[in-house]
Amino acid sequence: MLKDRLRIEPSSASLHSPNNRKSGAGQPLNRASNGLDQFFSSLQDQESLSILDFSGASQANISFITSMGHRIYSNDALRTLEEAFGTGGDFITNQSDPERAGLFLRENLEFPDRTFDGALIWDTLQFLAPPLLQDTVDRLYRILRPQSSLLAFFHADEKAQTAPLFSYRIVESKVMSLTPRNQERPVQYFNNRSLEKLFQKFNSVKFFLTRDHLREVIVRR
Amino acid sequence: MWNKRKEEEYPPKSTATPAATGGPIKENAPMSTNPTPSHHATESRGPAVIGKSVMIKGQIFSREDLTIDGEIDGSVELHEHRLTVGPNGKLQAGVKAREVVVLGTIHGNVEASDKIDIRKDAKLVGDIKTARIVIEDGAYFKGSIDIARPEAPRASAPSQSKQQQVSSAAGANNSTPVTAAVGESR
């Protein structure tokens with residue numbers, strides 16, 4: 001079972017980058033991203049695609065994607081996550097409440113089948129508890145078209161007690177800007193095998209482990 | 001003396017808007033739009049305003065710029081004009097305008113032939129179709145964005161459009177001058 005493969009309890013220690021050790025909002029940090037590069041490479045030479053972006057409304061992402069001739073669907077999934085499950089100690093427990101889980105899925109993933117040609121999920125998935133996580137991935141599979149790509153990030157530092165929540169902004173096809181928003185405890189940590197299991201319905205999964213303990217994952221539908 | 005000074009403060013507005021001549025203009029009070037104003041009166045009055053204490057259910061069509069600071073449930077159409085949704089404005093409505101500036105809340109699809117500007121603390125839930133979009137940090141948006149590339153003839157200047165109409169009426173091929181106008185106008 002998926003649950004057996006995942007370590008639920010993250011232990012203590014540091015965050016990913018010295019620039020992001022402070023909690024709360026901070027200065028944006030630009031970093032190169034192989035995952036982002038791969039994602040946009042998969043869109044090359046195509047126009048009028050529909051891209052789902054979970055980072056919330058941002059001028060940078062909207063301008064970048066629409067300038068490529070694509071349509072963007074923008075939603076702030078982390079905000080919806082906090083609205084549905086709260087931000088306190090019940091954050092994980094609340095995810096097993098079917099009403100709250102249903103609200104999260106409706107707010108973020110209520111689309112007809114095969115609506116999107118790409119999805120920028122960023123680091124949302126790591127804050128979802130297993131039953132809701134699997135439902136979310138199943139919905140993503142449904143709303144993505146075959147051959148489309150999904151980009152997701154997972155913090156890989158198992159010793160960290162909390163992980164920073166970022167606003168992700170696209171600077172260029174290989175570079176993104178990360179603005180810290182808050183600290184949240186990831187529900188679980190993923191290794192390559194657990195990620196393969198999580199996305200087993202999809203065609204392929206590709207990983208990039210970065211020096212700042214971020215696992216960038218490109219999943220092909 | 002006090003009354004005299006008050007009168008001096010508002011002379012242009014009291015003459016420009018016959019509907020508001022019954023008394024002093026109150027801040028945030030709804031201003032009715034006169035259906036047959038003279039051209040000069042419209043220019044000096046500024047955009048029509050639906051104040052924050054006003055709630056309208058139904059369709060709104062306007063042939064001038066409009067500011068909405070109240071609540072609208074229905075639809076709003078200002079095809080060639082600018083719609084501003086003020087900080088207190090709450091629209092549960094589909095919107096069509098040349099330009100839309102949002103400082104309040106819109107729940108509904110928005111079509112802006114020129115530009116949409118979503119300011120900080122504004123909230124827009126719905127699909128957007130526009131030529132240009134500006135979203136300030138802090139704005140909340142949920143929906144899709146379709147950037148509609150402006151068509152060449154629409155980008156031409158008014159005087160050039162007239163020339164184009166004349167030349168097309170004369171049976172001339174107008175494709176070349178229109179393309180040139182696009183380059184000049186923006």
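The legends below describe close-up views of a predicted model.

Residues are numbered from 1 along each chain as its sequence is written, and chains are lettered from A in the order in which they are written. Because the model is predicted, local features need pLDDT of at least 70 and side-chain atom pairs count only at pLDDT 80 or more, while totals for chains, interfaces and linings use all residues.

**View 1**
Chain A has seven helices and nine strands; helices (H or I, at least four residues) and strands (E, at least two) are DSSP runs, numbered from the N terminus. Of its 221 residues, 42% are buried, where a buried residue has 20 or more other C-beta atoms within 10 Å of its own, an exposed one has 12 or fewer, a partly exposed one falls in between, and C-beta atoms are placed from the backbone. Among the contacts in chain A with a separation of 6 or more, 68% are between residues 24 or more positions apart; two residues are in contact if their C-beta atoms, placed from the backbone, lie within 7 Å. The mean pLDDT (the predictor's confidence in each residue, from 0 to 100) of chain A is 80, and 88% of its residues reach 70 or more. Within chain A, confidence is lowest in helix α1 (residues 2-5), at a mean of 35, and highest in strand β4 (residues 116-122), at 93. Over residues 1-24 of chain A, pLDDT stays under 50, and the model has 49 contacts beyond four places in sequence for this stretch. Where pLDDT is low, the predicted coordinates should not be read in detail.

**View 2. The three-stranded sheet of chain A.**
Three strands of chain A form an open sheet in the order β1-β7-β6, with antiparallel pairing; two strands pair if DSSP finds at least two bridges between them. β1 (29-32) and β6 (163-172) of chain A stand at the edges with a single partner strand each, so one side of each is left without a neighbour in the sheet. From one strand to the next the twist averages 40 degrees, with axes taken as lines fitted to C-alpha atoms, for helices over the stretch in contact, and angles running from 0 to 180 degrees between N-to-C directions. Four bridges pair β1(A) with β7(A), and A:Leu29 has A:Leu178 as its bridge partner in β7(A). β6(A) is joined to β7 (residues 175-184) of chain A by nine antiparallel bridges. Here A:Phe166 stands opposite A:Pro180, and A:Glu172 stands opposite A:Val175. The hairpin from β6(A) to β7(A) passes through two residues.

**View 3. Helix α2 of chain A.**
In helix α2 (residues 34-43) of chain A, the residues A:Gly35, A:Leu36, A:Phe39 and A:Phe40 are buried. Seen down the axis of α2(A), the buried residues fall within an arc of 125 degrees, so they line one face of the helix; the arc is that of the directions from the helix axis to the C-beta atoms. They pack against β4, β5 (144-155), β7, β8 (204-209) and β9 (214-220) of chain A. Just after α2(A), A:Asp45 takes a positive phi of about 65 degrees.

**View 4. The largest nonpolar core.**
This core has 87 residues, of which A:Ile121, A:Ala152, B:Leu83, B:Val95, B:Val100 and B:Val102 touch the most other members. Strand β5 (residues 90-102) of chain B gives the largest share, seven residues. A nonpolar core is a set of buried Ala, Val, Leu, Ile, Met, Phe, Trp, Tyr and Cys residues joined through C-beta atoms within 7 Å. Leaving aside neighbours within four places in sequence, A:Ala152 is in contact with A:Ile121, A:Leu125, A:Val217 and A:Val219.

**View 5. Strand β5 of chain B and its partners.**
Chain B has five helices and 10 strands, and 29% of its 186 residues count as buried. Strand β4 (residues 71-85) of chain B runs parallel to β5(B), joined by 12 bridges; B:Gly74 has B:Ala93 as its bridge partner in β5(B). β5(B) also runs parallel to β6 (residues 105-107) of chain B, over three bridges, with B:Leu91 opposite B:Ile106. Seven bridges pair β5(B) with β7 (residues 110-118) of chain B in the parallel sense, and B:Ala97 has B:Ala112 as its bridge partner in β7(B).

**View 6. B:Glu111 and its surroundings.**
B:Glu111 is found in strand β7 of chain B. It counts as partly exposed because it has 18 C-beta neighbours inside 10 Å. Not counting residues up to four places away in sequence, B:Glu111 touches B:Val95, B:Lys96 and B:Lys129. B:Glu111 and B:Lys129 are 18 residues apart in sequence, with 4.8 Å from C-alpha to C-alpha.
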